[in-house]
Amino acid sequence: MKDAKKQTFDAIIIGSGQAGNPLAFALAEQNLNVALVEKGKFGGTCVNTGCTPTKAYVASARRAWEIKNASDLGIPNPKLDKIDLQKVKERKDKIVAVSHNGLVQGIRKEKWINTFQAKGYFLDPTTIQAGSAILTAPKIFINVGTRPRIPDGFEDVNYLTNESLLELEELPDHLVIIGGSYIGLEFAQIFRRLGSKVTIIEMSDRLISKEDPDISDRMRKILESEGINVLCNSHCLEGKNNPNGGLTVLMNCGGEKKQALGSHLLLATGRKSNIDLINPLAAGLEVDEKGFMQVNDLLETSVKGIYALGDCNGKGVFTHTSYHDFEVLKNQLFGNKARKVSDRILNYALYTDPPLGRAGMNISQAKKSNKKILYAEMEMSQINRAREKDETKGKMEVIVDASTEQILGATVLGIGGDEIIGVFLTAMYSKMSYKTLMNSVQTHPTVTELIPTLLQQVKPLKSES
Ligand SMILES: Cc1cc2nc3c(=O)[nH]c(=O)nc-3n(C[C@H](O)[C@H](O)[C@H](O)COP(=O)(O)OP(=O)(O)OC[C@H]3O[C@@H](n4cnc5c(N)ncnc54)[C@H](O)[C@@H]3O)c2cc1C
Ligand SMILES: NC(=O)c1ccc[n+]([C@@H]2O[C@H](COP(=O)([O-])OP(=O)(O)OC[C@H]3O[C@@H](n4cnc5c(N)ncnc54)[C@H](O)[C@@H]3O)[C@@H](O)[C@H]2O)c1
């Protein structure tokens, strides 16, 4: 490439993800000339193929479920026609378009942001090739995210990922999902509620194996109660396209060879970092053994002037963690430099119905810690508001440090769990004594009003020997 094409900027951002976009605007606000390089759709995974479209589908699936189960609340069942996935998709596409188009318009209006629709990769520590353009800047920010991980043995099968599944216009007759974790479970319940037969295949001995075993068991029962077929201890080895349509998945189930048949196959087998796409070696960047960019608490890579934000740095796997990376960096670049990645407390929700809200430690982690732990749990079936809504599955639990009286973790698997977890999270961020929350008066009738009662019941938790 000739040097004549080299364009100089104050900063280059590779990837229009959940950190890269707000960072582009923050840099532009300082009158810094920014190159924003995106190979796919502006807005990244969350907006186009992740949080936004899946939560739109969760809402449609929930509405179908409410109609089907209306008689439980004394309402005669209205007729529910076979669901037209095309209509559900159209609604989802409109919601995604609002966010995507809003972002694109915002970027277009900003004179300091220059977009390059191309794959960006390093030529050297200050130079990026983006299509035919060569860009150079003293500061480069990497926000390239992740992509679906395709296990060996499935490369030549007609598989779906989170991206292609969201483009289907007809409901699968039988959706087989490999991977019983966050992506797998959300899609399993969505498609079951919309009318597909669904089978989840998971190689661990339980679903969502990062959670406590009790939460995994409860989640399995919730999904099975809706007619989802769950196979654990089943390592999927290979897939085959069937000559007459559909697919066969070959599994090793504890030494025994088994197979599962389906009309469609979703691979929800984890995510792979996109760092390999940016030619990190040309910049001398250090990548860890899983392919994630190594950064310190301030998001600096091993090369001065190059930073990595969001999922690709291996420090977070959520939209809110990616956005927090942006906030840390903004504070480091233009603020009082007080913020760092390790400030954040782990929190997330799994948007099954009922949802799972999580903050901080779970019981397994608390048992392994050297802390003196207080613990309490409460069944959702004991909570009036849950009974009134006839949605009593799940439980609430809290973990407290007996010495500092601070809340170390909480789990709310149950109605409203994705929102209620925020009460615990706020208490954790404010480092308040759990007794302050215990003595608070919450609104009746809510699930939240039982948090003080839950906290009154904390008792010492026996740690594992
Ligand atoms: C199905 C699904 C559901 C999810 N649901 C939730 C949820 O409910 N809540 C939640 O918090 N998180 C959820 N997530 C995770 C969330 O989407 C990500 O954590 C979030 O998008 C943060 O990603 P990011 O900022 O690191 O980059 P991303 O949003 O992944 O964006 C990275 C961008 O970089 C671009 N890119 C990659 N390589 C290059 C290159 N070489 N050159 C130019 N551009 C490049 C990509 O095209 C992409 O647009 C979900 C994920 C999936 C897959
Ligand atoms: N609500 C949310 O916040 C949300 C929702 C969806 C996804 N996400 C994000 O996306 C990320 C990826 O989610 P995910 O569920 O794809 O990945 P994951 O890594 O959490 O789970 C992948 C699962 O697939 C299983 N698996 C892998 N290979 C297998 C095989 N050959 N046979 C059988 N099972 C196999 C693994 O045991 C594991 O349980 C999450 O870490 C999360 O951050 C978040």
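The protein is divided into domain 1 (6-146 + 272-343), domain 2 (159-269) and domain 3 (347-457), with bounds that come from an automatic or database domain assignment. This is a predicted model, in which local features need pLDDT of at least 70 and side-chain atom pairs count only at pLDDT 80 or more, while totals for chains, interfaces and linings use all residues. Residues are numbered from 1 along each chain as its sequence is written, and chains are lettered from A and ligands numbered from 1 in the order in which they are written. The average pLDDT, the predictor's confidence in each residue on a scale from 0 to 100, is 96 for the protein, and 98% of the residues score at least 70. For the complex, the predictor gives an ipTM of 0.98 and a pTM of 0.97.

We can begin with how domain 1 meets domain 2. Their C-alpha centres lie 27 Å apart, and 15 residues of domain 1 are in contact with 13 residues of domain 2, where contact means that the C-beta atoms, placed from the backbone, lie within 7 Å. On the domain 1 side, α3 (51-68) and α4 (85-109) each supply at least two residues, and α3 gives the most, with 7 residues. Helices here are DSSP runs of H or I with at least four residues, strands are runs of E with at least two, and both are numbered from the N terminus. By class, this side of domain 1 has 9 nonpolar, 4 polar and 2 charged residues; Ala, Val, Leu, Ile, Met, Phe, Trp, Tyr, Cys and Pro count as nonpolar, Asp, Glu, Lys and Arg as charged, and the others, Gly among them, as polar.

Around ligand 1 there are 37 residues, the closest being Gly15, Gly17, Gly44, Gly145 and Gly310; a residue is near a molecule if its C-beta atom, placed from the backbone, lies within 6 Å of it. The shell around ligand 1 comprises 14 nonpolar, 19 polar and 4 charged residues.

Ligand 2 is surrounded by 26 residues, and the closest are Gly179, Ser181, Cys236, Gly270 and Val317. Two or more residues come from each of α6 (182-194), β13 (235-241) and β19 (347-350), with α6 providing the largest share, 4 residues. Because domain 2 and domain 3 both give residues to this shell, ligand 2 lies between them. Gly179 itself is found in the loop between β10 (174-178) and α6.

Under "binding site", an unreviewed UniProt entry lists Gly179, Gly180, Ser181, Tyr182, Ile183, Gly184, Leu185, Glu186, Glu202 and Gly270. They span 92 residues in sequence, yet no two of their C-alpha atoms are more than 14.2 Å apart, so they gather at one spot. UniProt positions are given in the numbering used here, feature names are shortened, and annotations may be inferred rather than shown by experiment.

Finally, a hairpin can be followed residue by residue. Strand β14 (residues 247-253) runs antiparallel to strand β15 (residues 256-262), and 7 bridges join them, where pairing requires that DSSP finds at least two bridges. Leu247 stands opposite Gly262 in β15, while the hairpin has 2 residues between the strands and Gly254 takes a positive phi near 60 degrees.

How values were computed: Contact = placed C-beta atoms within 7 Å.
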